[in-house]
Amino acid sequence: MTELTDFQRKTAAFFPEISLSFGESLAKHTSFRIGGPAEVMAFPKNGEELSELLNKSALLDRKPVILGAGTNVLAPDEGLPGLAICLKDCLDGMERVDETHIRVMAGVTMTRCAMFAAKEGLSGLEFAHGIPGTIGGGVYMNAGAYGGEIARVCVEAELMTSTGVRYTRTREEMAFSYRHSCLEETGDIVLSALLELTPGDPEQIRQRMKELQAKRSASQPLNYPSAGSAFKRPSQGYAAALIDEAGLRGYRVGDAAISEKHAGFAVNLGNATAEQVKRLLADVARIVKEKSGIQLEPEVRVW
Ligand SMILES: Cc1cc2nc3c(=O)[nH]c(=O)nc-3n(C[C@H](O)[C@H](O)[C@H](O)COP(=O)(O)OP(=O)(O)OC[C@H]3O[C@@H](n4cnc5c(N)ncnc54)[C@H](O)[C@@H]3O)c2cc1C
């Protein structure tokens, strides 16, 4: 057994009731399967535990990081000092509110949420089926696919400030834009989202989700760890097409590679490190800029 750090001892004393793990591998919690140990990882069961973690962590002198399903982050090889708060499967639960609204807790995956909506005969979340992140991460990022995005359906988000205070923001106050919300600036945390959908036939909704899933499987390298699209869509053209035109399909830095199947994806071929992925993204952005004059920006959040 390795000895606990001061921070780990303090955290254990501060939060005796909350589920904590010391030195938990971030690679286990990220879809890239990359990342060293988190000094402390916390798994709050509900908003009260999250509030307690946020409140008291001000006394611990280190700002915690928030992890959903880890499907859009690149975690550092050396791991993270301090506290990582994992919300996937912790803030769990969904309910139908009325004819056209459902409320979904932040830790529910978008696929589960889309399946719940289909069962309830509600249309509008078909695009989200197959996006592997949580509703919390989806609201934070304004996740989207196949012409749909969270901003279209999320009419209100229940949030918590970094000091543990709950409040709500309407869709307009969330300032959604392409793969962005105001949470990137405020640092507030999503507890739940109120989604407005339209009544539809469950079978047709399921059929549409099946079609989109088939499109994903046909075009995306789902057999390799990745974080989805490596770059945001630039205002001129598509990142994947620009990368392809620059001759970078299959380009490698160690075990980090541009997918042969979909040039918009950076994949981990086995033992890629965060440093290799960062170099890969930097090389690709530089070469695409030289060849096309267009600057690519990473979509994946590099921690
Ligand atoms: C195979 C594959 C396919 C993908 N396809 C798509 C796609 O079609 N469209 C798309 O948009 N994305 C796609 N993604 C990327 C990813 O699934 C989405 O960006 C998703 O929204 C991230 O959610 P997450 O829970 O995994 O967030 P994480 O990766 O855990 O976190 C991402 C960011 O959100 C923040 N965050 C997470 N939860 C919360 C919360 N509750 N409150 C506040 N901040 C929070 C984190 O701090 C971090 O900064 C894909 C990824 C993969 C691996």
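So, H129: it counts as buried because its relative accessibility is 13%, where buried means under 20% relative accessible area, with a 1.4 Å probe and protein chains only. H129 sits in the loop between strand 8 (122-123) and helix 4; helices (H or I, at least four residues) and strands (E, at least two) are DSSP runs numbered from the N terminus. Leaving out residues up to four places away in sequence, H129 touches T111, A114, M115, M209, Q213 and R216, contact being heavy atoms within 4.5 Å.

Quick housekeeping. This is a predicted model: local features need pLDDT of at least 70, side-chain atom pairs count only at pLDDT 80 or more, and totals for chains, interfaces and linings use all residues. Residues are numbered from 1 along each chain as its sequence is written, and side-chain values use heavy atoms, with hydrogens and water left out.

Now, R216 again, this time with the ligand. A polar side-chain atom of R216 lies 2.9 Å from a ligand oxygen atom. For T71, a polar side-chain atom is 2.6 Å from an oxygen atom of the ligand, and for R179 that distance is 3.4 Å. How much of the ligand's 970 Å² of accessible area does the protein cover? The answer is 93% of what the ligand has on its own, with areas from the Shrake-Rupley method and a 1.4 Å probe.

And the shell around the ligand?

How values were computed:
Polar contact = N/O pair within 3.5 Å; in protein donor to acceptor, adjacent residues only side chain to side chain. Buried < 20%, exposed > 50% of the residue type's maximum accessible area, 1.4 Å probe, protein only.
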